[in-house]
Amino acid sequence: MSASAPAAAPATALSEGTASALERARAFGAREAATSPLFVQNLRRAGAEAFAKLGLPRPSDEEWRYTSVAALARQLPAMADTGPAPAGKTSSARSALASLGPIGVAGRSQPQLVFVNGRLDAELSRFDGLPAGVRFDALSRLFAAPPDLLEKRLGLLRGHLTHPFVAMNAAFLLDGAFVHVPDGVVLAEPLLVVHVADGSAGPVASHPRVVLSLGENAQARVVEAYCGIGSGFVNPVTEIVLGAHAHLDHTTLQEESLETDHVGTTEAHLGPGAQLFSHVLSVGGRLVRNELTVRLHGDGAGATLDGLFLARGEQHVDNHTLVDHARPHCGSQQYYKGILDGSARGAFDGKVIVRPAGAFTDAHQKNRNLLLSDTARIDAKPQLEIYNNDVKCTHGSATGRLDADAVFYLRSRALSESQARSVLTLAFASEIVDRVPVEPVKAHLTHRVLGWLAGSVPEPR
């Protein structure tokens, strides 16, 4: 059989969602062409063409085995592509920002970028105060400037050609953040990028793009926070390129409303000796997929990936990771945890690949999940794919309930049943929370976990 065009998809809700998204993506590209540089137009066009071939994932796709986007596909036709023009002055957006607590933007003097429904809110953003040579700006502002480093970095990792949601993000590319730290520069303060999904006036789809580029021996900490109100769909893509011996600490905090679907994709390319520390923390959203691909393509590169999610009710949270060891002496550590209550569903699908050239690889993957109810469910699939004999790799997953003896012991110390369960659950979560290096984020997340345990977080809006 020839490898020609794939067979036509059946007339299902998925194909309807694909057709609607594709039609709107092409109209969007035509509308924005007059104000966009050629390399952005080309990226949108390539994304739309790839999305037309890939379509939305189907239940038969192995990579989406545990997460169905059928309901999302049915809702896509009713969503606006982006929200109204910068909505930073709206009380609803500010209310969502306030929910970030100590990492909220109000009163901060550090550089920060705020996007509302995928568009820059210049009033709430601050671009200055950084060392010379550091770039920290919105894509929409850079599109109006002469092409420079951004043209070489945007879409560099080519995910828009193979991944359906990255392709959709490229097709609808409108705005986002660009961070470049030149060789040898070390940033003392973390950079904050906030995305607000404001669906208070109706469901809105947004496709923010974040590009993080660190030169040789550069160091930075970047926090991406996602919050919001109302209903909608957020489809962010983050591209990370680290030069030799660069060091990036990247935190993704996702806490949108329970009416918002979030499918986020992060792709990272690490040069020789580069180190990536990733923290993915989910405490909101209805359908959430956090996909992280790290390619260790330089000798001695390393990645430490941590994740934690809390889900209850009908929430569905899927953490999907791939670490590709392509060169010798590389290392990776993964530690993901999930806490589920009610009828929530969760998934951890993580793979480590060691290529033939990946001698002396040191890779370890660990997944732990805590079920607080009889109706919660988790699917876990840790995987190793190894093509070199001189490696040290381990993986494992465990799912269980609170230790009855530990609960009994705490109750013997005068704690109530509820208090004892909360103490043990907080201890389970703290193992990941305590590894977050940005203190305001750690404090905020601890507050979120405590509120969740008390039944008040996340609050449906």
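Begin by selecting Arg 295, which is partly exposed at 30% relative accessibility. Keep in mind as you look around that this is a predicted model.

Arg 295 and Asp 324 form a salt bridge, and their closest N and O atoms are 3.4 Å apart. Color the two strands that hold them: Arg 295 belongs to β12 (residues 287-296) and Asp 324 to β14 (residues 316-325), so the pair ties together parts that are 29 residues apart in sequence. Is Asp 324 buried or exposed? With a relative accessibility of 3%, Asp 324 counts as buried.

Next, go to Thr 260, a residue of strand β10 (residues 260-270). Thr 260 is buried, because its relative accessibility is 1% and the cut-off for buried is under 20%. Which residues surround Thr 260, once neighbours within four places in sequence are set aside? Show Gly 230, Ser 231, Gly 232, Phe 233 and Val 234, then Gly 285, Arg 286 and Leu 287; Thr 260 is in contact with each of these. Zoom in on Gly 230: its backbone oxygen is 3.2 Å from a polar atom of the Thr 260 side chain.

Your next stop is helix α8, residues 404-412. Select Asp 403, which caps the N-terminal end of this helix, with a side-chain oxygen 2.8 Å from the backbone nitrogen of Asp 405. Then look past the helix to Ala 414, which follows α8 and has a positive phi, near 80°.

From there, move on to helix α10 and pick Lys 442 and Glu 439. Their side chains meet in a salt bridge, at 3.4 Å from N to O. The two residues are three apart in α10 (residues 439-453), so about one helical turn separates them. An α-helix has 3.6 residues a turn, so residues three or four places apart point the same way. Lys 442 is buried, with a relative accessible area of 18%.

For another pair, select Asp 128 and Arg 126, which form a salt bridge with the closest N and O atoms 3.4 Å apart. Asp 128 is partly exposed, at 45% relative accessible area, and Arg 126 is partly exposed as well, at 30%.

Finish with a group of four: Glu 62, Arg 65, Asp 349 and Lys 381. A network of salt bridges links these residues. How many salt bridges does the count come to? The count comes to 24, so there are others left for you to find.

Terms used: Residues numbered from 1 in each chain as written. Predicted model: local features only at pLDDT ≥ 70, side-chain atom pairs only at ≥ 80, totals over all residues. Heavy atoms only, no water. Helix = DSSP H or I, 4+ residues; strand = E, 2+ residues; numbered from the N terminus. Buried < 20%, exposed > 50% of the residue type's maximum accessible area, 1.4 Å probe, protein only. Polar contact = N/O pair within 3.5 Å; in protein donor to acceptor, adjacent residues only side chain to side chain. Contact = heavy atoms within 4.5 Å.
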